[in-house]
Amino acid sequence: MPEKENSTQGEDNTMFSPYRMGNFNLSHRVVMAPLTRCRALEGIPQPAMREHYSQRATRGGLLISEGATISPTSAGVPHAPGIYTEEHVEAWRNIVDAVHAKGSIFFCQLWHVGRASHSVYQPGGAEPISSTSKRLSDRSKVLLPNGTYDFYPQPRQLSTSEIPEIVEHYRQCAINAIRAGFDGIEIHSAHGYLIDQFLKDGINDRTDEYGGSYENRCRFLLQVVQAVASAIGPERVAVRISPAIDHLDATDSDPLCLALEVVERLNNLQKQHGSKLSYLHVTHPRYSHNTNIQLGQHSTEVEQVKLLKTIRKAYDGTFMSSGGFTRDSGMKAIAEGETDLVSYGRYFIANPDLVLRFKRNADLNDYNRMTFYTHDPVIGYTDYPFLDEPSET
């Protein structure tokens with residue numbers, strides 16, 4: 001495994017040891033993962049979001065925002081926040097200021113869902129856009145604004161000439177995020193959303209320069225990363241991928257080879273810029289609905305771990321893992337050098353003081369799935385209890 005130039009030297013690798021992530025000094029390795037919560041009414045970040053994020057901020061900790069949509073075509077759930085208008089930027093600035101006041105580092109995840117949308121979310125009731133015209137299987141359903149679910153409609157395949165405009169949306173929204181005060185951005189290239197729809201050969205059936213070979217399927221992602229890195233600096237840019245995840249039918253015939261192709265291209269881009277990206281964020285295969293289909297020969301737990309270790313070893317930079325980690329498994333992964341940082345989702349939903357609870361090995365609040373995607377500004381959002389003791393983070 002290559003030596004990590006940005007690791008804190010002389011420190012034991014524990015969940016609570018400091019870590020140097022590029023230009024950022026982290027005081028611990030517990031990261032708040034991006035979490036869609038549907039509280040940004042009509043796409044505008046709300047005051048409740050300021051409280052929600054600041055509750056979970058710790059001095060020297062890293063928070064990643066929920067996915068922020070990059071254009072009117074990019075939403076796929078009700079009340080997802082945007083980052084593409086001036087009103088979005090101003091609303092996010094209040095939230096970012098509150099997180100910074102607690103001493104945290106805050107990254108904005110840029111999100112386009114692609115075909116994982118519905119005409120109700122599209123301008124003029126149009127079809128969602130994607131790398132393909134193939135619709136999602138009936139295994140998945142889309143949440144509608146009225147709280148009901150429907151099957152995903154057939155998407156419209158983007159023409160080759162339309163793709164540069166989508167790249168520009170990512171670039172401009174990265175600039176918007178920095179204007180709002182965010183420390184950096186994470187490009188959501190995982191979990192069956194738009195960029196992943198280009199990466200995976202189980203979805204991408206294109207015959208132009210964006211389909212077929214690994215080089216072609218990686219082209220859209222690399223164009224986005226290049227555009228964003230040139231606009232705000234590579235040290236403020238992170239990428240999330242999920243090569244071995246079948247969420248939203250995002251399957252690939254050889255996820256390990258796909259991951260290594262992506263990593264090689266990201267490593268080369270870093271060399272070209274003379275600066276590393278902030279981190280590579282990879283979701284663990286245990287998150288997958290059906291690992292036997294998605295992983296092929298990597299279907300056992302041992303092989304799943306091996307796959308992540310192979311990707312980790314190949315990537316030259318800060319490595320973040322997510323997907324079903326507990327306190328103990330996260331500590332083990334860091335201690336054994338399998339990852340630099342671990343991001344937590346559901347635990348952070350129910351435990352605003354998760355870092356303190358992990359430090360003390362205290363009991364965790366149970367999360368309530370029924371309130372994950374409701375729109376109440378308090379219930380299931382800002383009302384989870386803290387430990388009685390004052391915060392030490």
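This is a predicted model: local features need pLDDT of at least 70, side-chain atom pairs count only at pLDDT 80 or more; totals for chains, interfaces and linings use all residues.
Around it sit 16 lining residues, and E42, G43, A75, H79 and A80 are the ones nearest the centre. Sorted by class, that lining has 9 nonpolar, 6 polar and 1 charged residues.

Now for a cavity. How many cavities of 30 Å³ or more does the structure hold? The count is 1. The largest cavity has a volume of about 40 Å³, and its lining is made by D196, L199, K200, I241, S242, P243, L258, A259 and V262. Two elements, α4 (194-199) and α6 (255-273), each give two or more residues to that lining. Helix α6 provides the largest share, with 3 residues. By class, we find 6 nonpolar, 1 polar and 2 charged residues here.

Last stop: a pair of helices. Find α3, residues 163-179, and α5, residues 214-232; their axes come within 9 Å and cross at roughly 35°. The crossing of α3 past α5 is right-handed. Which residues meet there? From α3 we have I163, I166, V167, Y170, R171, A174, I175 and I178, and they meet F220, Q223, V224, A227, V228, A231 and I232 of α5. That contact has 13 nonpolar, 1 polar and 1 charged residues.

How values were computed
Residues are numbered from 1 along each chain as its sequence is written. Side-chain values use heavy atoms; hydrogens and water are left out. Axes are lines fitted to C-alpha atoms, for helices over the stretch in contact, and angles run from 0 to 180 degrees between N-to-C directions. Helices (H or I, at least four residues) and strands (E, at least two) are DSSP runs, numbered from the N terminus. A crossing is left-handed if the near helix is turned anticlockwise from the far one by less than a right angle, and right-handed if clockwise. Contact means heavy atoms within 4.5 Å. Ala, Val, Leu, Ile, Met, Phe, Trp, Tyr, Cys and Pro count as nonpolar, Asp, Glu, Lys and Arg as charged, and the others, Gly among them, as polar. On a 1 Å grid over the protein atoms alone, a cavity is a set of points where a 1.4 Å probe fits but cannot get out, and a pocket is an open set with protein on both sides within 12 Å along at least five of seven lines; lining residues have an atom within 4 Å of a point. Grid points are joined across faces, edges and corners, and a volume is the space filled by probe spheres set on the points.
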